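Dear colleague,

I am passing on the structure we talked about, and below it you will find my notes on what turned up when I went through it. Please read them with the structure open beside you.

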Amino acid sequence: MDSTKRLTIRLENLQFSALRYRLVVNLEKSLAVDASLVFLESVDSTNLELARLMMTSAKPDLFAVVAAEQTAGRGRLERSWVSEPGTSISLSVLLEPTKNVEQGLVPLFVGSCVARALSTITGKDAGVKWPNDVLIDGKKICGVLSELTDQGVIAGIGINLERQQGAPDTACAVGDFASADFDGALSMVLAELRAGWSDWLSGGNDFALGLIRSTSVTVGVKVRAIMPSGEEVVGTAVSIESDGRLLIEGSETHLVSAADVWHLRN
Ligand code: BTN
């Protein structure tokens, strides 16, 4: 990546518009190693870029990479994730759990913070389909891919700003409900993540669990879950456990830690 295309800003400027961030950065014209947010017009994957930057840069408290386009975006379960220029926000944030943080809650928590931000932005109820797809009116508006590294969790967040060509009917975008403002949405999501993470570290796992449960649209719903092994479970999702697993009651009771989940009509 050409470093002249890499713009950096400081997170404390987040209350200002992202347009201004870029202005600030343009004036600086440097790649500050202690920068908190790296903005890229295009990158293969923001998760990969954040991992690369972690090797070379000193890390600030909350370290993020955002891009307007990804050429090799990655989704959950080894899938690809399409981020055409101008239609989405691709954001990766480094979260460094302390020893008291329940790691299994981190990916769910990220989805919950994004859901809160998207509710504010769109004026609609955004909720989280377990484990961490953000839905509005039952349609996916955001996906989260969390990857554990030696230095913490890289939380990769892909938000649909505008409908992409060929997007399935099961997807929606910010532009369906409100102005698809990249800078405004980015600021809101980062502010929710920053505040939520700090509240979690001070308030303990119960705080995170409360937020996760309050934004879940899966609990109480009949679901089909396909495990990575291919095993299929059908039943009612009755709770999210304190370690983040989904409790499904069907012909048997299952505690699920990783799966693709479909909501079924009751
Ligand atoms: C999914 O629903 O499968 C998760 C999609 C996650 C996509 C985001 S976009 C930003 C970050 N960088 C990536 O390569 N993937 C995640």
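I begin with the ligand, where a polar side-chain atom of glutamine 70 is placed 2.9 Å from one of the ligand's nitrogen atoms. Please keep in mind throughout that this is a predicted model. Taken alone, the ligand exposes 420 Å², and the protein buries 98% of that. Several elements each give two or more residues to the shell around the ligand, namely the helix α2 (46–56) and the strands β3 (63–74), β5 (88–95), β8 (139–149) and β9 (152–160).

In total 20 residues surround the ligand, and the closest of them are Ser45, Gln70, Arg74, Arg76 and Lys140. Sorted by class, this shell holds 11 polar residues, 5 nonpolar ones and 4 charged ones. For serine 45, the model puts a polar side-chain atom 2.7 Å from an oxygen atom of the ligand, while in the case of threonine 46 an N or O atom of the side chain lies 3.1 Å from a ligand nitrogen.

Threonine 46 deserves a paragraph to itself. This residue belongs to helix α2, and its relative accessible area is 2%, so it counts as buried, the cut-off being under 20%. Apart from its neighbours within four places in sequence, threonine 46 is in contact with Val65, Val66, Ala67, Gln70, Ser90, Leu91 and Ser92. With serine 92 there is also a polar contact between the two side chains, at 2.7 Å.

On one side of the pairing list is strand β7 (residues 133–136), which runs antiparallel to β8 and is joined to it by 3 bridges. Within that pair, valine 134 has cysteine 142 of β8 as its bridge partner. The hairpin of β7 and β8 has 2 residues between the strands, and in it aspartate 137 takes a positive phi near 50°.

The other partner is β9, again antiparallel to β8, with 8 bridges joining the two strands.

With kind regards

Technical notes: Residues numbered from 1 in each chain as written. Predicted model: local features only at pLDDT ≥ 70, side-chain atom pairs only at ≥ 80, totals over all residues. Heavy atoms only, no water. Near = heavy atom within 4 Å. Polar contact = N/O pair within 3.5 Å; in protein donor to acceptor, adjacent residues only side chain to side chain. Areas by Shrake-Rupley, 256 points an atom, 1.4 Å probe, with all protein chains shown as cover. Helix = DSSP H or I, 4+ residues; strand = E, 2+ residues; numbered from the N terminus. Nonpolar A, V, L, I, M, F, W, Y, C, P; charged D, E, K, R; others polar. Buried < 20%, exposed > 50% of the residue type's maximum accessible area, 1.4 Å probe, protein only. Contact = heavy atoms within 4.5 Å. Pairing = 2+ DSSP bridges.
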